[in-house]
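Let's walk through this one together, question by question. Have the model open as you read.

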Amino acid sequence: EMLAKRIEKELKKSGFGGVRIDKMGNVLGFVGKGRKKIMLDAHMDTVGIANEKDWKINPFGGVLKNGNIYGRGATDQKLSMASLIYAGKAIKELNLWNDFTFIVVGSCQEEDCEGVSLMHIIEREKIKPDYVILTEPTNLSICRGHRGRVEIKVSVKGKSCHASVPEKGANAIEKICDIVREVSDLNGKLKKDRFLGKGTIAVTFLECRTPSFNAICPTASIYIDRRLSAGETLKVSVDEVKKLPSLKKYKAKVEVCKYRALSWKGFEISQEKYFPAWSIPKNHKLIRAAVKAARFALGKAPSVGRWDFSTNGVFTCGRLKIPTMGFGPSSEVYAHTVDENMPVNHLLKAAAFYASIGMFL
């Protein structure tokens, strides 16, 4: 809440119009009144810090040292908002007008459920952009897509009995272990896309319920992270799990996980945890404009590639097919680490990029 209100204050101070915090808790600000709407997103939330003793500096201190700012959220991705705010200010003060509207978003809950915030803005707040620029870390390169993902739960039932006579029961743990092995074997059989790379599948969590440590376990479940390459849909990924021999043998239940939560404003959110893969062509108008803007901001041609992780683009481009790309300060290798940092000069270059891209579209 404090961060959202601070962003709201800075947007107003920098000359943005229509500044507000929406019903979910996303912060919105507008510059310009052109026909082409460019939405630029920086999510406000971060992951936790785990063990503070692993950090060399105060993770909440925003420590400036040797030209870098250190702390949780420095890379991923609170500081990108500073570049967006000053990009909007530069557009106004330097008269960098073109036929576009510059929409800055400070979005909620990306770390928990990517895309859910922009889904709210587009579907419920009725603000639909022509282009989306994500400011997740790219090390000042251009990203034009990434793999998707789906979270799947597989559950099996057994029969409990006293552990001294296991033959009288049916151990759900033994059943689920057979399934784990088959899921692991499936990983080597998944397709590879030339640009997005190979789809993957991994068991990430196992849970079981047993009456005691001296009883055979009657129920067990695993959670699966399935990363999706081009053409790998929700149906494809779920069906391939359902077809595993052990699932049929044990009559296992397969379900797509659900995300349910309240935003910081108490807004109820519910969504299936399916996030489509997406990409746009290298010769797309948005990418061509981004290359020109990056050349202006960096003084050299940028590299063009993809992210390894997932972003809010799973909704804007993955579901709605709105042309989407990424350009952000700092490198993704620092995201979620105890060395998370932001080079100050990256913030300046990113601001120059965001301020100029509308001139090339």
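Predicted model: local features only at pLDDT ≥ 70, side-chain atom pairs only at ≥ 80, totals over all residues.

Q: Are the rings of Phe-327 and Phe-353 stacked or edge-to-face?
A: A pair of aromatic rings is described by the distance of the centres and the angle of the planes. For Phe-327 and Phe-353, the centres are 3.8 Å apart and the planes meet at 15 degrees. Planes under 30 degrees apart count as stacked. The pair of Phe-327 and Phe-353 is therefore stacked.

Q: Which parts of the chain does the pair of Phe-327 and Phe-353 tie together?
A: Both Phe-327 and Phe-353 are buried. The two residues belong to parts that are 26 residues apart in sequence. Phe-327 sits in a strand and Phe-353 in a helix, so the pair ties together strand β21 (residues 324-327) and helix α9 (residues 344-356).

Q: How many aromatic pairs does the structure hold?
A: One of the pairs is formed by Phe-16 and Phe-102, which is tilted, with 6.4 Å centre to centre and 40 degrees between the planes. Phe-16 is in the loop between α1 (2-13) and β1 (17-21) while Phe-102 is in strand β6 (residues 100-107), so this pair ties together parts 86 residues apart in sequence. The total for the structure is six.

Q: Are Phe-16 and Phe-102 buried or exposed?
A: Buried means under 20% relative accessible area, and exposed means over 50%. Both Phe-16 and Phe-102 fall in one of these classes: buried.

Q: Which residues is Lys-285 in contact with, leaving aside its neighbours within four places in sequence?
A: Lys-285 is found in helix α7 (residues 285-298). With 38% relative accessibility, Lys-285 counts as partly exposed. Beyond those neighbours, its contacts are Tyr-131 and Leu-361.

Q: What is the radius of gyration of the protein chain?
A: The chain has nine helices and 22 strands. For 361 residues the globule rule gives 21 Å, and the chain comes close to that, so it is as compact as a globular protein of that length. Its radius of gyration is 23 Å.

Q: What share of the contacts with a separation of 6 or more comes from residues 24 or more positions apart?
A: Of the 361 residues in the chain, 53% count as buried. Among contacts with a separation of 6 or more, the share from residues 24 or more positions apart is 76%.

How values were computed: Residues numbered from 1 in each chain as written. Heavy atoms only, no water. Helix = DSSP H or I, 4+ residues; strand = E, 2+ residues; numbered from the N terminus. Rg over C-alpha atoms; globule rule 2.2 N^0.38 Å. Buried < 20%, exposed > 50% of the residue type's maximum accessible area, 1.4 Å probe, protein only. Contact = heavy atoms within 4.5 Å. Phe/Tyr/Trp six-rings, centres within 6.5 Å; stacked < 30°, edge-to-face > 60°.
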